[in-house]
Protein chains: 2
Amino acid sequence: MKRKSGVALWRQIADQIRQAISAGTLGADGKLPPEMVLSERFGVNRHTLRSAIAALVQEGVLRAEQGRGTFVESRQKLSYPISARTRFSTGLRSQTRDRRSNLLAHAVEPAGKRVAEGLGLPEDAPVVRLETLSEADDRPVSRATSWFDAERFPGYAEAYAETGSITLAFQRYGIEDYFRKSTLVSARHADAADLADLKLSAGAIVLVAVAVNVDAEGVPIQYAETRFVADRVELSVSTEA
Amino acid sequence: MKRKSGVALWRQIADQIRQAISAGTLGADGKLPPEMVLSERFGVNRHTLRSAIAALVQEGVLRAEQGRGTFVESRQKLSYPISARTRFSTGLRSQTRDRRSNLLAHAVEPAGKRVAEGLGLPEDAPVVRLETLSEADDRPVSRATSWFDAERFPGYAEAYAETGSITLAFQRYGIEDYFRKSTLVSARHADAADLADLKLSAGAIVLVAVAVNVDAEGVPIQYAETRFVADRVELSVSTEA
DNA sequence: CGTATTTGTCTATTGTTCTATACAAACGAA
DNA sequence: TTCGTTTGTATAGAACAATAGACAAATACG
């Protein structure tokens, strides 16, 4: 717990409590120890600890009831599978009641260097860009930017808007099956745009997955960068033969 | 860029600059714009921006020279492959000159719930715990905690200390080959212990990989939690058939 | 009911962060 | 050298974070 580090004590404590809850070392019985106990354990004033709790209440992690105590609201992370057959919807369907994908924006534009490389197209070739937001149980879970070859998939954005699914939209172009070729996983602080879309507060972490999907012949058909809310998602990589 | 969010402005800006550098949108030519330009772009006072730069200089990301400008010191991330044949050493060997693994501590102890499940042992069965730190080019890269069945691998810690390698230590017990069965990837703020071991400052992010390795028969032989410095590492998942 | 426990609110004080302004020091180029 | 550009240092005031102490309000339990 460090002073003058650029991160307020209450936020450092909030991060620790959130993590301890998901690790099961705190609030395993559904209830947090009293504020006095916690503030002594962390070596800070009760008010500082209360700021941390207030932030977690705001996030929906905790619920405080006057006279009774502070309770854990939600514990389990969504586990998002990554394999050759990775599909967003199928992976999460079993873990959550209500899942939605919203199309925020779309455009046709020249491919940048990274996108062109990922899709195996010449630089500046026209590509369709999709900006999507996924929610589970009325909370934002991920924010993705996808690119598709505009010549092979004209009007892809409309197909996606109508079907609400990457898989179904591909079927309109005769692609019955596709595979995840590679995924690069990194993590960083959410930028201003993601902070707003994913309804996060400053300092929040996103897991970034940069993926290339290919058709049955191995030709790249989708290049995507997905930012997952790190507090609510983990990626599950199964590498069984 | 949000005020009273619990994260100091200079740290938010430092995070953004670091990210922009690794994305190539800033300092692509090796040099940063002048402080006045950047402070206006971020909408803050020049001093606030200077604090951000000072932090990045401390981290080794930037180098400031009076009268000349501020320069980018290092850009590329290490890419750590995750596949059925994942080996720590082989994956990174080609990307860095100097790689080392240090054994920080070891102990024999009863398996906790998670460890017992991962290794397929009864709860409280004796296990060997290894605490290791990996460095590349004299900078900490990852911090791992590994568990092994103490009955099947008695004295594993010593075997590891002598060989300096998980793979070589396994060979002493007749295991010529092993496979990565599953990997759970998540991200969180580094806790106090990792902050110290990995020489990070408050608010830093670690990529957490929880992995199970199995022998040729599919029996779990290692359960490990590795914390990677998110600023210096990305995980590369290849899921080709 | 009365008491202990627990969260919620208020005020005051101190230290850290951010802003504003000014000037010094090093460098590059005319 | 001289000038413009850029990083480094200093000082003072405003906004925010953390500590301290006291008390109110709701709940649980004998």
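The model is a predicted one, in which local features need pLDDT of at least 70 and side-chain atom pairs count only at pLDDT 80 or more, while totals for chains, interfaces and linings use all residues. Residues are numbered from 1 along each chain as its sequence is written, and chains are lettered from A and ligands numbered from 1 in the order in which they are written.

The secondary structure of chain A comes to eight helices and 11 strands, where helices (H or I, at least four residues) and strands (E, at least two) are DSSP runs numbered from the N terminus. Along its principal axes the C-alpha trace of chain A spans about 65 × 35 × 35 Å. Of the 241 residues in chain A, 39% are buried, a residue being buried if 20 or more other C-beta atoms lie within 10 Å of its own, exposed if 12 or fewer, and partly exposed in between, with C-beta atoms placed from the backbone. Among contacts in chain A between residues at least 6 apart in sequence, 57% join residues at least 24 apart; two residues are in contact if their C-beta atoms, placed from the backbone, lie within 7 Å.

Chain B is superposed on chain A by a rotation of 180° with 0.1 Å of shift along its axis, at an RMSD of 0.1 Å, which is the relation of a two-fold axis. The superposition is by least squares on the C-alpha atoms of residues with pLDDT of at least 70 in both copies. Of the residues of chain B, B:Val7 comes closest to the rotation axis, its C-alpha lying at 2.2 Å. The contact between the chains takes 41 residues from chain B and 42 residues from chain A. On the side of chain B that touches chain A, the elements that give two or more residues are H1, S8, strand S9 (205-215) and strand S11 (233-238) of chain B, and the largest share, 10 residues, comes from S8(B). The residues of this side divide into 17 nonpolar, 15 polar and nine charged, where Ala, Val, Leu, Ile, Met, Phe, Trp, Tyr, Cys and Pro count as nonpolar, Asp, Glu, Lys and Arg as charged, and the others, Gly among them, as polar. Because 100% of the interface residues of chain B are also interface residues in chain A, the copies meet through the same surface.

Around DNA strand D there are 23 residues, of which A:Leu9, A:Asn45, A:His47, A:Thr48 and A:Gly67 come nearest; a residue is near a molecule or strand if its C-beta atom, placed from the backbone, lies within 6 Å of it. The elements that give two or more residues to this surface are helix H1 (9-23) and helix H3 (46-59) of chain A, together with helix H3 (46-59) and strand S3 (69-72) of chain B, and H3(A) gives the most, with three residues. Around DNA strand C there are likewise 23 residues, of which B:Ala8, B:Leu9, B:His47, B:Thr48 and B:Gly67 come nearest. Here H3(B) gives the most, with four residues. The surface near DNA strand C divides into six nonpolar, 12 polar and five charged residues.

H1(A) is mostly covered, with 11 of its 15 residues buried, including A:Leu9, A:Trp10, A:Ile13 and A:Ile17. These buried residues of H1(A) pack against helix H2 (35-42), H3 and S3 of chain A together with strand S8 (178-189) of chain B.

In helix H6 (residues 156-163) of chain B, the buried residues are B:Tyr156, B:Ala157, B:Ala159 and B:Tyr160. Seen down the axis of H6(B), the buried residues fall within an arc of 160°, so they line one face of the helix, the arc being that of the directions from the helix axis to the C-beta atoms. What covers them includes strand S5 (99-110), strand S6 (126-136), strand S7 (139-149) and helix H7 (166-171) of chain B.
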